[in-house]
Structures are given as C-alpha cells and as structure tokens.
Amino acid sequence: MLLFITRRLLFALALLLAVSFFTYMLFAMLPSDPAALTCGKNCKPEIIAANRVRLGYDKPLLEQYWLFLKGFFVGRDYGVGAAAFSCPAPSLGYSFSQHECVSTLIARTFPVTFYLSLGAFVLWMTLGIGLGSLAALKKGKWQDRAATTFSAVGVSLPTFYIGLLVLFSFCIWLRILPFPSYESPFEDPVSFLTTMILPWSTLAVLSAAGYTRLTRNGMLEAMNEDFVRLGIAKGLRRRTIIRKYVLRSALVPIVTIAGLDFAALLGGAIITESVFSLPGMGRMSIRAVVESDLPVLVGTTMVAAVFIVLANVVVDILYGVLDPRVRQR
Amino acid sequence: MNTVPLLAVKDLSVSFNTPDGVVHAVDDVSFELFAGKTLGIVGESGSGKSVTASSLMRLNNSVTSTTTGSVELDGRDLLSVDEATMRSIRGQDIAMVFQDPLSALNPYYTVGDQIAEAYVIHHPTESKKDVRIRVLDMLKKVGIPNPEKRIDEYPHQFSGGMRQRIVIAIALINSPRILIADEPTTALDVTVQAQILDLMLDLQRETNMAIILITHDLGVIAEVADSTLVMYGGRIVERAAVNEIFSTPTHPYSWGLLGAVGSLDTSTRGHLSTIPGTPPSLISLPSGCSFHPRCRYAKETGSRCTTEVPQLHVVAGTSSSSACHMADAQLVALAQHGENQ
C-alpha cells in the first residue's frame, strides 16, 4: 500500500511538471506581449522595453520557463537597484496588471474558493446521498418521483440562472438575506454565513441532482445483487442490509466522482463566484482572462491542476480502502 | 420412518405483477419435508422451482408478488408470521445456498466477517472470541484449507468452489433444520460439483437436517435426493421416490426429461432426444394441462388435456403421484416398457 502511494505521488509530480511546461508554453505563445500590458495605453517604448527585461520576457522561452520553475522553489527577484522587487518561494510569477506576486493573489483568493467549495460539497453530498437513498428505498412511491424530478430539473438548470434567481428572490424580492458582500469567517462570521448560504445552496442543489441519481441507481442495482438476498436469508435486519450491503456498494463510484468534482471546484467556481461577487480564484481567473494577465492565468491553472491531480491520487487510494478487490492489485 | 413432517407446504401459489401481466410462477404446490431427508425439485428454467424455494423464506418482493397457501413449520404458518419472527427463522431454522457463489458473497467484507455475521445475528450475546472459534471450526468443516489464514481474506481471493463452501458455511453456522439449496452446483466445475454435494450430504448426516435441493440436473437428483418433485409451468406434475422416478416415471414430462439426459453407454447413438416446443409462458399458461401442447399423448387421451387441469394423484400400482389424465394402467405400462422405444 505504501509503495502504491509513493508510486502514485511520484507519478503525480511528473504529471504536474508536464502540465506546468505545457501551460507555460501555451500562454507564452498567445499573440499578446505581456510587457506591453504592464503600463497604460500611452506607454513609452523605453518603459515597455525596460519592463520586458525586468520581468524576464526578453529571455528565450525555455529559459523563461526555467526561471518560472526555479522561482517556485527558491523565490524570484525581478529587476535591479531601486526598482527591484521579489516574490518569495513559492513564486508563481508577478502580475503586471495588479502589481502583486501571483502567489500573494492566490493566497488571498483561495480561502474564499475553499470555503465556498467545502460548504457546497458537504451540503450536496448530504442532500444528494440522502435524497438518492430515499428514492431508492421508496422506489415507485411519491418520494422517489419527487427526488427523480428534482434530479432531472437540477441537472438541466444552469448555475448562472439558478444563482441569479435565488439572489433576486432572497436579497431583492423577499429581503430575507442581505446582499452578498464577502467577509472572512474569522472576522465577521455572521456576515460570512449570510453571504455564503446562497452560493453554497446554488452549487449544492445543482451538484446534488447528479448525486441523487447516482445514489439511487447504485442502490437499486445493489439491491438486486445476490449477496443482498443472502443477507436477507441470513436473517439480517433491513437497516443492516441497507447500510452494510446496499449503501456500501453504491458508495464506491460516488466517492470517485465526488473527489474529482470537489477538486474541480477548488480550481475556482467561476460562474458562482461571479454571480455572488465572491473574491475567489474563479473570479480572479476571469479578470485575468479579460486583462490578458498571463502570470495569473498560469498560476491559477497550476493550482487547479494540482488539485485535480491530487484528487486523483486520493481517490485511487480511497478506492483501495473501500474496495478490497482493488487493494489486491 | 418419521411420519411427522418438519415442513408442510399446502396449496402454495405465487404470482408476480409485471408490466406484461400477472406471472403465475407457482400454482397450488403442496409437499412435505422430513428431517434428515433430501427432497429434490427438478424442472426447466421458469418452472417455478426457485420461486417455490424463495417463498418458503419469504424472500420474494412483497410489493410485486402475491403468495397464498401455507408453509407450516412447528405449527406456525411462515406466510403469516410477522417480519421479526420471520427474521429469527431465516438463517436460524431455514438457511439457503444460492446458485452463483461468485455473486452471493458481499465483496466488501472478509469471509470470516460474513460467516460470523450470520451467527451473531441469532446469538447476539456470544463473545467475539467464541464466534471466531466457531467460524474457524465451520471453515474446517466445509473443507477450507488453512482456515486461520483464510478467515481474514475477501471473497475474491477464493475460487468458485471454495466460495460455495463459504456460502454453505454461512448457511450451516446456526445448524439449521432445513437447508434450501437452489442449484448449488450449477455454476461449478463437474469435479467440484461432486465435492460440494458430498459435503452437503456429510453435514446432513451429522445434523439430521432436511435439504431441499433445486436443480435441473437429474444426475444430481439421482445422487443425493430421497424423493423428487417434478415441476412444470409452476405446478407439480410428478412426485416420486428417487428410485421410482428413474425406474418407473409416471408423467409424460418426466419421460421427456429422462430421455433428454445424455448417456455414454447408450445404445441410441446420435441425437440427444429433446422435448419438442418451448416451456410455456407463465403469463398465459396453456389451458388444461399446461404440458399438453408438447405432449405426444395429449391427442389420444382426449379433450380433457386441453380443458381440465389434471390433479396430482397416486398412480395405481406405484407409490408415485402424477398429474396426468392418462389412465393409470397406461402410464405404468408406458413407464415400464420404456416410452421412447
């Protein structure tokens, strides 16, 4: 098992290296001059040239990538003399449009995305597995029909639509909640909660729809298994059978998909963050795209990649923990 | 011989509601089961033998199926006791072995856990250590080599035959009085089949339990059963002691079944004989005797075959019962002189 984890982690590291290379090259090949974007429209060519040298864009592409990579481990200094500044390790570059180190920007925006993702994740897993189990246990009854309808409606509604709908209903029309304005949970927990409740629910309802279906189908499939019949023939209680036999086997695919979904969300919930004006990584990425802020794009892409790759490793390990048949190999 | 039956099944009928109509899977089935004896139930797929077995333990879906009649154990009708009582009977008094050992075990728990679970549910006060000793003992009994190591392994680490031994261990851990084995050897290699059957018989001798053995394999019946029910279209068409069913079978369907068994030393070389036609649809059974469309004697016996359901009755001159309209004397004559020649 330990060997398996080590091997997977080493592989993940190599994968991330490759991702960083291709991401860097891809963005570097975009037809925009990052140095030209460092100052306004009426910028003098000398300043652009100086900034190009300062930010290292005058060097060959491969060397630029090398500096980027090295910067991540040892930090990076830009320029010399009075105009010099540095981004400490782990440096992901310098945003010329926001005049800040990318790592600082990410450190500031990531917690928002993290709280958003975590809350939504907990909500949607509870809702999805709960509704899915209910539907499976009451198959054909009204509970099942309600849950199935919910899941059909949920998967077909777009986030921006639901988001705007709840925002309008709760903050403008019903006035139950204040208009969202993000505060750190450590400074103003009440304001944090009232701001987050809508984005959490929006994300959760939409994702829960898929999980409802997954849980329902997984459980119904498991209920037809011979081993469930044997469980009944042993004289086990229905509750025990549902828990140890039915839910247990429906859980494996759910864990896999949940891990990947959660990781994808950590890379930035772009639409939800935009709709609810949350200062997270998703909104920062959108801004970076609009402003051609390449270092920020490379940085957020790398953070997202790290989570996806890590989630894959974690899911693989969990798979082994959950399913003894996988553990063997 | 013990004349008080352990289990008495009377007029058992089971039907399922499906989108295509009502399936009459079992129709008016009655039989008795005696301690220490093995009752074989034979029939084609869809003849109702498996449903008969699972309804004894009330394993059929209670929403889609309707069961009538009675299944009496110790003077209690299992079809009408409450669910908690039924739960205490399942696994404790009546246990079951399924056809496919590959899918009958829960892949997420060790075999030791699964055997222990069957015991603990009926003996909740037993200590963990004692349960483990008992499980190890059971594993030894069913012939699992190296049980101390294998008790903590998962089902996928066992071969098909070994898994069926585990399933049998689960069934027998509470020393049930009745074991229902639903095609226990169908999914296994022929050599393993014999081992599993021997194992069941050995354990039967030890505990004097009754076995209901469901199979479509007449060879298995010949080897282990004491008496036999032949089922067709959800009904019992013949009931006989095992030696009778092979020497003087008294129903045209049984003749067909026996004729369809291949033999190495047979004088009739070439084609294996088959029963013409296909098994009936249980949604719309043929009128009268459900076997009449496939029965070569139906025409000469007359219109009763198509209008009247034949009742199971003792055939004069034998100890078997048959549900056929043909005259007893003719049945016996055909049986004795070999109907295939």
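The structure is a predicted model, in which local features need pLDDT of at least 70, side-chain atom pairs count only at pLDDT 80 or more, and totals for chains, interfaces and linings use all residues. Residues are numbered from 1 along each chain as its sequence is written, while chains are lettered from A and ligands numbered from 1 in the order in which they are written.

Twelve residues from domain 1 of chain B and seven residues from domain 2 of chain B form the contact, two residues being in contact if their C-beta atoms, placed from the backbone, lie within 7 Å. On the side of domain 1 of chain B that touches domain 2 of chain B, strand S2 (residues 21-33) of chain B gives the most, with five residues. Helices (H or I, at least four residues) and strands (E, at least two) are DSSP runs, numbered from the N terminus. By class, this side of domain 1 of chain B has five nonpolar, five polar and two charged residues; Ala, Val, Leu, Ile, Met, Phe, Trp, Tyr, Cys and Pro count as nonpolar, Asp, Glu, Lys and Arg as charged, and the others, Gly among them, as polar.

Chain B contains 14 helices and twelve strands, and its C-alpha trace spans about 70 × 50 × 45 Å along its principal axes.

The contact between the chains takes 24 residues from chain B and 17 residues from chain A. On the side of chain B that touches chain A, at least two residues each are supplied by helix H2 (83-89), strand S6 (94-97), helix H3 (101-104) and helix H4 (111-120) of chain B. The residues of this side of chain B comprise 13 nonpolar, seven polar and four charged.

Within chain A, helix H6 (residues 159-173) and helix H7 (residues 189-223) pack at an angle of about 140°, with their axes 10 Å apart. Axes are lines fitted to C-alpha atoms, for helices over the stretch in contact, and angles run from 0 to 180 degrees between N-to-C directions. The contact is made by A:Thr159, A:Ile162, A:Gly163, A:Val166, A:Leu167 and A:Phe170 of H6(A) and by A:Leu198, A:Ser201, A:Thr202, A:Val205 and A:Leu206 of H7(A). By class, the contact of H6(A) with H7(A) has seven nonpolar, four polar and no charged residues.
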